[in-house]
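Please walk through this chain one region at a time.

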Amino acid sequence: MPEGDAVLRTARSLDKGLAGQVLTRTDFRVPQLATADLSGGTVLGTVTRGKHLLTRIDHRTGEWTLHTHLKMEGSWRVLEAGRRWPKPGFQARVVLRTERREAVGFLLGIVELVPRDQEERPVAHLGPDILADSWNADTALERLARQPERPLFEALRDQTNLAGIGTIYAAEACFIAGISPLRTVADAGDRLPRILHRARDLMQADWALSRQMWVYGRRACRRCSGPVTVAKVGPLGKERPAYYCPRCQS
């Protein structure tokens, strides 16, 4: 599943292609929206809430927000109108077309259209967004502290604690703090604020694009060259790989 920084880049791409433009065609290829038509509407822009995308559209029928989530396989592509799609048409879930651009959402995990005044409803369960200008670390720390015995890696990835962090940044931030992701929230102690701070710094710098990971996806630690361990962490059936260096993290 894409990390919060990747979702933010997607929002910026949608903004660049669609914001301020009038929709000449819309196609919602999900059963619950099969008859929806927002052609003639104006795209105001797209914002993020953690890993969720909220595209705001003003239409003669009202003020709407298109809520989408990429989940594991989804993506948005913004193309020149009429250009051949990079993926098969049967994978398309949403098509938003303007005179010059076409945005296609492929294999989106969530697609729903909600009235603008209700757009917070589908994201109300989220903790503070780590990439938002309004980021509140104190609120995130308070939520994390509610489950002190929970594995740190799992707690950081829980979007109800704080929104945006995934497997990459949970692993890399724990490495920088020198703590194993298998330790508990309580074990992190006064290192927890630093972990959040470093995760935010990495995400704002698009660290994942650099491919210069310390441990994530690596066989050997980039610091000590020792072997990287991968542990499965999380509820049964929803486990995720936690990468860490036993030498550098304790």
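What follows describes selected elements and their contacts.

This is a predicted model, in which local features need pLDDT of at least 70 and side-chain atom pairs count only at pLDDT 80 or more, while totals for chains, interfaces and linings use all residues. Residues are numbered from 1 along each chain as its sequence is written, and side-chain values use heavy atoms, with hydrogens and water left out.

Helices (H or I, at least four residues) and strands (E, at least two) are DSSP runs, numbered from the N terminus. Helix α6 covers residues 192-204. Its 13 residues should span 18 Å at 1.5 Å a residue, and the end C-alpha atoms are 18 Å apart, which agrees. The expected span is 1.5 Å times one less than the number of residues. Which residues of α6 are buried? They are Leu192, Ile195, Leu196, Ala199, Arg200, Leu202 and Met203. These residues cover an arc of only 165° around the axis, so they lie on the same side of α6. The arc is that of the directions from the helix axis to the C-beta atoms. Buried here means under 20% relative accessible area, exposed over 50%, and partly exposed in between (1.4 Å probe, protein chains only).

The buried residues of α6 pack against several other helices, among them α1 (4-18), α4 (167-177) and α7 (207-210). Contact means heavy atoms within 4.5 Å. After α6 comes aspartate 206, with a positive phi near 55°.

Strand β7 (residues 101-106) contains glutamate 102. Is the residue buried or exposed? Glutamate 102 is buried, with a relative accessible area of 3%. Its side chain makes a polar contact of 3.0 Å with that of tryptophan 85. A polar contact is a pair of N or O atoms within 3.5 Å; within protein, one must be able to donate a hydrogen and the other to accept it, and residues adjacent in sequence count only if both atoms are side-chain atoms. Leaving aside residues up to four places away in sequence, glutamate 102 touches residues including Arg25, Arg77, Trp85 and Arg97.

Threonine 98 is in the loop between β6 (92-97) and β7. At 2% relative accessibility, threonine 98 counts as buried. Beyond four places in sequence, threonine 98 touches Leu18, Gln21, Val22, Leu23, Thr24 and Ala81.

Tryptophan 85 and phenylalanine 106 are edge-to-face, 6.0 Å centre to centre with 85° between the planes. Tryptophan 85 is in the loop between β5 (75-80) and β6, and phenylalanine 106 is in strand β7, 21 residues apart. Phenylalanine 106 is buried, with a relative accessible area of 0%. Phenylalanine 175 and tryptophan 214 are stacked, 5.4 Å centre to centre with 20° between the planes. Phenylalanine 175 belongs to helix α4 and tryptophan 214 to the loop between α7 and β9, 39 residues apart. Phenylalanine 175 counts as buried at 1% relative accessibility, whereas tryptophan 214 counts as partly exposed at 22%. Rings of Phe, Tyr and Trp (its six-membered ring) pair if their centres lie within 6.5 Å; planes under 30 degrees apart count as stacked, over 60 as edge-to-face and the rest as tilted.

Strand β9 (residues 229-233) pairs with β10 in the antiparallel sense over 5 bridges. Two strands pair if DSSP finds at least two bridges between them. Alanine 231 stands opposite alanine 242 in β10.
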